[in-house]
Amino acid sequence: MTNENETVAMPDMTQTHPLDPLWSLSLMSVRADALDTALELGLFSQLLRPQTAATLAECTQLDEAALQALLDVLWSMGLLLRRRCHSRVPCRYGFELAGSMIRWLNPESPEYCGDSLRFRLHSMRRFGAQLPQLLRQGSMAPEAAGQSSWAQAAQSQIWQEQGAATAGLAVQAVRQLKELDGPRRFLDMGGGPGRVAIALAQDQPLWQGVVFDQPETAAVAGQAIARAGLSDRVRAQGGDMEQTPLGGGYDVIWCSSVLHFCADVPKMLARLYEALAPGGYLLAAHAELPDDRELAARILPYYLPLRMRGRTLWRQGELAVMMRQAGFGRLHETMLESYPLAPACLVSGRREAA
Ligand SMILES: C[S@@+](CC[C@H](N)C(=O)[O-])C[C@H]1O[C@@H](n2cnc3c(N)ncnc32)[C@H](O)[C@@H]1O
């Protein structure tokens with residue numbers, strides 16, 4: 001109820017409302033639930049061929065009217081194609097998984113990402129629910145993600161995200177390096193399940209490589225390397241990156257989303273520098289806190305849990321400065337727009353030839 005003295009906002013009919021970005025948050029949450037539900041119920045594999053809500057309801061034993069409404073939402077999200085079946089009323093539509101989504105959402109595809117999508121959604125929601133408590137009580141324990149959870153992640157979401165994005169980005173970054181013809185050696189530091197290393201070895205048939213990670217995760221990588229038939233050129237090594245000898249003479253070290261977990265980053269960068277052969281490159285891909293607000297909006301939500309665990313997200317450019325201080329030359333920064341979940345900055349640096 002308003003009284004005479006209260007004012008009423010007069011929105012501009014032709015513009016979106018200033019509250020639109022906040023209203024969108026609730027709508028986004030429904031979209032996320034729609035995707036989560038479709039993945040949980042295995043709807044996308046049923047939608048590899050065209051289906052109406054009625055035929056899909058019959059084979060899935062789901063409610064037709066509810067399914068119709070869900071399919072419309074999935075179509076509006078660009079996940080399904082929708083075609084009108086007949087020119088009659090009420091009109092019927094056939095739905096089918098959109099061609100651009102088949103590689104990510106068909107469970108039979110080697111690039112299937114359904115588990116990682118669901119995992120990220122659920123873990124972000126769990127974290128979000130703890131926010132008030134975290135603000136009252138202070139940071140979460142830094143070791144909330146212990147060795148076993150990294151090994152588990154390596155078998156599911158990290159494997160899928162490496163297949164969807166990280167491995168391809170690493171291959172492209174390595175191809176751009178100069179003076180690296182012939183047989184070379186690479187290290188994937190904190191490489192998780194090893195899909196990046198597998199892709200690098202497949203792209204560079206003369207190269208040999210090592211995936212270094214904590215022992216339980218390195219075991220997961222070792223199995224993947226064996227399945228890929230690459231055990232003669234790539235091996236997995238278990239250890240603690242800050243303590244265990246890393247070997248030496250590497251021509252390329254790839255290191256993505258790992259340095260956040262180091263207690264002493266300058267010391268770790270010095271170790272990586274020492275592990276390189278003269279003329280070798282470190283390629284370090286990590287999210288940074290950008291100065292640009294819109295870019296920050298894409299990055300900060302994903303890294304809020306990490307920061308609340310007391311881990312560091314460097315300000316834009318800080319990693320490059322630390323690399324320079326560690327002795328790296330030819331520093332170059334590239335924004336990786338298609339890094340999993342949020343953009344990251346790839347900083348490359350060279351151990352200059354003696
Ligand atoms: C966010 S994941 C990144 C995995 C991979 N580099 C990628 O970009 O997909 C971080 C990785 O660092 C590894 N890691 C964390 N602390 C480590 C340590 N002290 N020694 C070795 N590896 C560690 C984890 O086991 C995990 O595989």
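Analyst: Helices (H or I, at least four residues) and strands (E, at least two) are DSSP runs, numbered from the N terminus. Residues are numbered from 1 along each chain as its sequence is written. The model is predicted, so local features need pLDDT of at least 70 and side-chain atom pairs count only at pLDDT 80 or more, while totals for chains, interfaces and linings use all residues. The protein chain has 13 helices and nine strands, and its C-alpha trace spans about 75 × 60 × 35 Å along its principal axes.

User: Where does Arg315 lie, and is Arg315 buried or exposed?

Analyst: Arg315 is placed in the loop between α12 (293-308) and α13 (318-325). A residue is buried if 20 or more other C-beta atoms, placed from the backbone, lie within 10 Å of its own, exposed if 12 or fewer, and partly exposed in between. Because Arg315 has 12 other C-beta atoms within 10 Å, Arg315 is exposed. In the protein chain of 354 residues, 32% are buried.

User: Which residues is Arg315 in contact with, leaving aside its neighbours within four places in sequence?

Analyst: Two residues are in contact if their C-beta atoms, placed from the backbone, lie within 7 Å. With those neighbours left aside, Arg315 is in contact with Glu288 and Leu289.

User: Which residues of α13 are buried, and what do they pack against?

Analyst: The buried residues of α13 are Leu319, Ala320, Met322 and Met323. They line one face of the helix, because seen down the axis of α13 they fall within an arc of 160°, the arc being that of the directions from the helix axis to the C-beta atoms. These buried residues pack against α11 (265-275), β7 (276-286), β8 (329-336) and β9 (344-350). After α13 comes Gly327, whose phi is positive, near 110°.

User: How do the axes of α8 and α9 cross?

Analyst: Two packed helices are described by the angle between their axes and the distance between the axes. Axes are lines fitted to C-alpha atoms, for helices over the stretch in contact, and angles run from 0 to 180 degrees between N-to-C directions. The axes of helix α8 (residues 157-175) and helix α9 (residues 195-203) come within 8 Å and cross at roughly 40°. Angles under 35 degrees count as roughly parallel, over 145 as roughly antiparallel, 65 to 115 as roughly perpendicular and the rest as oblique; α8 and α9 are therefore oblique to each other.
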